[in-house]
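This report describes one protein model for a reader who is new to structural analysis. Please keep the sequence and the model in view while reading.

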Amino acid sequence: MGSKKVSKSGAHAEFLYGCVKDTIENIIPQEVDYLTKYEEFKYYIDNIYEMPDDMVSLLVRFLEQNNGKFSKRAKAKEFSMLTKREIEDIQSQYSLIFTS
């Protein structure tokens, strides 16, 4: 007798509410935080290394996939023009921006 029945449309509304709430409270703030950090990192790379946008994007993807470090492949191929010191600097700056 004490159980409450929720209509199908009520269940859908509750589900939708939960999705919207999660988006507003979690997903959007996380995206804004990521985009802010990405822009800060891009600004740094643009000013120090003058990389084109597509290379910065590729750089960020590689660093994201490899816990902030250049893979051997990335060092040997896509970013072979960078010196060891430049690689260390970029990794350090990435860590500073994305893990804070």
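## A residue in a loop

Where is Asn-67 found? Asn-67 is in the loop between α2 and α3. Helices here are DSSP runs of H or I with at least four residues, strands are runs of E with at least two, and both are numbered from the N terminus. The model is a predicted one, in which local features need pLDDT of at least 70 and side-chain atom pairs count only at pLDDT 80 or more, while totals for chains, interfaces and linings use all residues. Residues are numbered from 1 along each chain as its sequence is written, and side-chain values use heavy atoms, with hydrogens and water left out.

Asn-67 counts as exposed because its relative accessibility is 72%; exposed means over 50% relative accessible area, buried means under 20%, and partly exposed lies in between (1.4 Å probe, protein chains only). Asn-67 and Tyr-94 are 27 residues apart in sequence, and their C-alpha atoms are 9.9 Å apart in space.

## Two positive phi angles

Most residues other than glycine have a negative phi. Asn-67 has a phi near 55 degrees, a positive value in a residue other than glycine. Glu-50 also has a positive phi, near 50 degrees. With a relative accessible area of 68%, Glu-50 is exposed.

## Helix α1

Helix α1 has 42 residues and reaches 57 Å from its first C-alpha to its last, close to the 62 Å expected at 1.5 Å a residue. The expected span is 1.5 Å times one less than the number of residues in the helix. At Thr-23, α1 bends by about 45 degrees, the bend being the angle between axes fitted to the seven residues ending there and the seven starting there.

His-12 lies in α1 and is exposed, with a relative accessible area of 53%. The C-alpha atoms of His-12 and Arg-73 are separated by 48 Å, and the two residues are 61 residues apart along the chain. The buried residues of α1 are Lys-37, Tyr-38, Phe-41, Lys-42, Tyr-44, Ile-45 and Tyr-49. The elements that cover these buried residues include α2 and α4.

## Helix α4 and its buried face

How far apart are the end C-alpha atoms of α4? They are 21 Å apart, which agrees with the 21 Å that the 15 residues of this helix (residues 84–98) should span at 1.5 Å a residue. The buried residues of α4 are Ile-87, Ile-90, Gln-91, Gln-93, Tyr-94, Ile-97 and Phe-98. Seen down the axis of α4, these buried residues fall within an arc of 165 degrees, so they line one face of the helix; the arc is that of the directions from the helix axis to the C-beta atoms. An α-helix has 3.6 residues a turn, so residues three or four places apart point the same way. On the other side of α4, Lys-84, Arg-85 and Leu-96 are exposed.

The buried residues of α4 pack against α1 (8–49), α2 (53–65) and α3 (72–76). Contact means heavy atoms within 4.5 Å. Gln-91 of α4 counts as buried because its relative accessibility is 13%. The side chain of Gln-91 reaches the backbone nitrogen of Phe-70 at 2.7 Å. Leaving out residues up to four places away in sequence, Gln-91 touches Leu-63, Gly-68, Lys-69 and Phe-70.

## The nonpolar core

A nonpolar core is a set of buried Ala, Val, Leu, Ile, Met, Phe, Trp, Tyr and Cys residues joined through side-chain atoms within 4.5 Å. The largest such core has 21 residues, and those with the most contacts inside it are Phe-41, Ile-45, Met-51, Leu-59, Phe-70, Phe-79 and Ile-90. The elements giving two or more residues to this core are α1, α2 and α4. Among the elements, α2 gives the most, with six residues.

Ile-90 touches Phe-41, Ile-45, Tyr-49, Met-51, Leu-59, Leu-63, Phe-70 and Leu-82, not counting residues up to four places away in sequence.

Technical notes:
A polar contact is a pair of N or O atoms within 3.5 Å; within protein, one must be able to donate a hydrogen and the other to accept it, and residues adjacent in sequence count only if both atoms are side-chain atoms.
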